[in-house]
Amino acid sequence: MYPRDHTIFALSSGRPPSALAAVRVSGPGASLVLTTLAGKLPAPRQASRRLLHDGVGQPIDDSVVLWFPGPGSATGEDVAEFHVHGGRAVLAALFTAISVIPNMRAAEPGEFTRRAFENGKLDLTEAEGLDDLIHADTDRQRRQALRQLQGLLGNRARDWRERIIDASALIEAGIDFSDEGDVPAELRAPAVKAISALHDEIAEVLAAQGQAERLRDGLVVAIAGEPNVGKSTLINQLARRDVAIVSPHAGTTRDVIEVQLDLDGYPVTVIDTAGIRETDDPVEQEGVRRARARAEDADLVLWLVEAGRAVDPAAMPLLGKSGNAGSRSGGSVWIVRNKIDLGGVEDVGLHGEFGIAASRGDGIPELVHAMVKFAANFFGTTEGALVTRARQRDLLRRASDSLRRSLELVEDSEELAAEELRAAAYALGRLLGRVDVEDVLGAIFQKFCVGK
């Protein structure tokens, strides 16, 4: 996997057809590709217009080419870029012309970024930030990913690791000079001070992260309730398009329907579920089972009830003991009374209830506003958050625990304290991807798109 002696190429822009397309080539043969197709190498890092020809001299396209000699390139290798017209035939001809050159092959997903990582152009936290940036759906996700790509966590982790190594050097020097009277104590004191400060900094980061990790996946909101209360109409209103079939017949929705929303920059997945009721239809029974399961796992449940009707006691296990809007083990529940345009509503607004007319849109803006406030409270402060993945949090916690243990051991056993410091530095090395990370590299880079 990932043979390094090959030169790789891929489309690095959007799916054709398009007005323009960018094709990237990286590896030791990038200069050969340029000279073969464009005639000669252009000046480094300067765009040059060239008519491209294939290996037998047939013209391919009028293009703009760029040359980035390594190591001053995105991947750290020689890189060539071809900016051509984005037609399928143009790209097919270009790919064919490149592929017949010796030691050329199509890039695998994430291979350009992996080469950049292996050549020291970015650390693993920055690569994860790039992956998050590619897949960001909302502005808040974009900003969080961009901060990681710019080294927000990686720079801090490198500083922490260097300080741990310095403290470890002091401890180990004390071990080496253990027969020199007061020398070990003189070395131990600044080491202990440095270790304590490091532990406090990392512990503070771990304690202040809130729901920054969840921002990558988003908030899950389930619309649930009995059949024919307007669940599909509500999700269509929230999505501002027809994503679910609306029918007066009970049991129309059999499976779970999901819609991705951007609510003030917060990523929200809204789920329309099957109407919850007792039924003899095995297909509808499966739909009800799935509806209950998704509602239980959701961060917020919008439980729809027709205006003027009481909440069905059979739904109490889902809503909690009171049956009113509140909390349960899986998240929060809001009672939303639909069809208020038909009358029969007197106490909407009490107990956290909402009143809407999904068919006309009455009350929808107020409901959406409340959902935005819920999302803001749910995610908390994510601006400046250092930790955005469970992998990062786990390794920071390991480093913090090792630092704590080193402080507990340093007075009685400097050897064991030094070993804990080595463990802390190792954890931060894994965080940055600089030591023993082969087990996670494939999982991370294979999620990238081809050409990145």
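So, how many helices and how many strands does the secondary structure of this chain come to? It comes to 15 helices and 14 strands, where helices (H or I, at least four residues) and strands (E, at least two) are DSSP runs, numbered from the N terminus.

A word on the ground rules. This is a predicted model, so local features need pLDDT of at least 70 and side-chain atom pairs count only at pLDDT 80 or more, while totals for chains, interfaces and linings use all residues. Residues are numbered from 1 along each chain as its sequence is written, and side-chain values use heavy atoms, with hydrogens and water left out.

Now the overall numbers. Of the 452 residues in the chain, 50% are buried; buried means under 20% relative accessible area, exposed over 50%, and partly exposed in between, with a 1.4 Å probe and protein chains only. The chain exposes about 21100 Å², and carbon and sulfur atoms supply 51% of that; the areas come from the Shrake-Rupley method with a 1.4 Å probe, and for residues only the protein chains shown count as cover. Taking contacts (heavy atoms within 4.5 Å) with a separation of 6 or more, 65% are between residues 24 or more positions apart.

Let's start with a sheet. Which order do its strands take? This open sheet of 6 strands runs β3-β4-β5-β2-β1-β6, with mixed pairing; two strands pair if DSSP finds at least two bridges between them. At the edges sit β3 (48–53) and β6 (104–106), each pairing on one side only. From one strand to the next, the twist averages 30 degrees. Inside the sheet, β1 (residues 7–11) and β2 (residues 18–26) pair in the antiparallel sense over 4 bridges, and I8 stands opposite S26 in β2.

Two helices lie across these strands. Helix α2 (residues 88–99) lies across β1, β2, β3, β4, β5 and β6, and runs at about 150 degrees to β5. Helix α3 (residues 111–118) lies across β1, β2 and β6, at about 135 degrees to β1. For those angles, axes are lines fitted to C-alpha atoms, for helices over the stretch in contact, and the angles run from 0 to 180 degrees between N-to-C directions.

Next stop, strand β9. Is β9 largely enclosed or open? It is largely enclosed by the rest of the structure, because 7 of its 7 residues are buried. Y266, V268, V270 and D272 point one way, P267, T269 and I271 point the other way, and all are buried.

β9 also has pairing partners. Strand β8 (residues 257–263) runs antiparallel to β9 (residues 266–272), joined by 7 bridges. Within that pairing, L263 stands opposite Y266, and Q260 has T269 as its bridge partner. The two strands form a hairpin with 2 residues between them, and D264 in the turn has a positive phi of about 55 degrees. Strand β7 (residues 219–225) runs parallel to β9, with 5 bridges joining them; here V221 has V270 as its bridge partner.

At 19% relative accessibility, R140 counts as buried. Leaving aside neighbours within four places in sequence, R140 is in contact with L215, D264, G265 and Y266.

Now a helix pair. The axes of α9 (residues 231–239) and α12 (residues 364–379) come within 11 Å and cross at roughly 75 degrees. The two are therefore roughly perpendicular to each other; the classes are under 35 degrees for roughly parallel, over 145 for roughly antiparallel, 65 to 115 for roughly perpendicular, and oblique for the rest. The contact is made by L234, Q237 and L238 of α9 with I364, L367 and V368 of α12.

P365 is also in α12, and at 55% relative accessibility P365 counts as exposed. P365 and L238 are 127 residues apart in sequence, yet 9.3 Å apart in space, C-alpha to C-alpha.

Last one: where does D341 lie? D341 is in the loop between β12 (332–338) and β13 (348–351), and at 33% relative accessibility D341 counts as partly exposed. Not counting residues up to four places away in sequence, D341 touches A357, S359 and R360.
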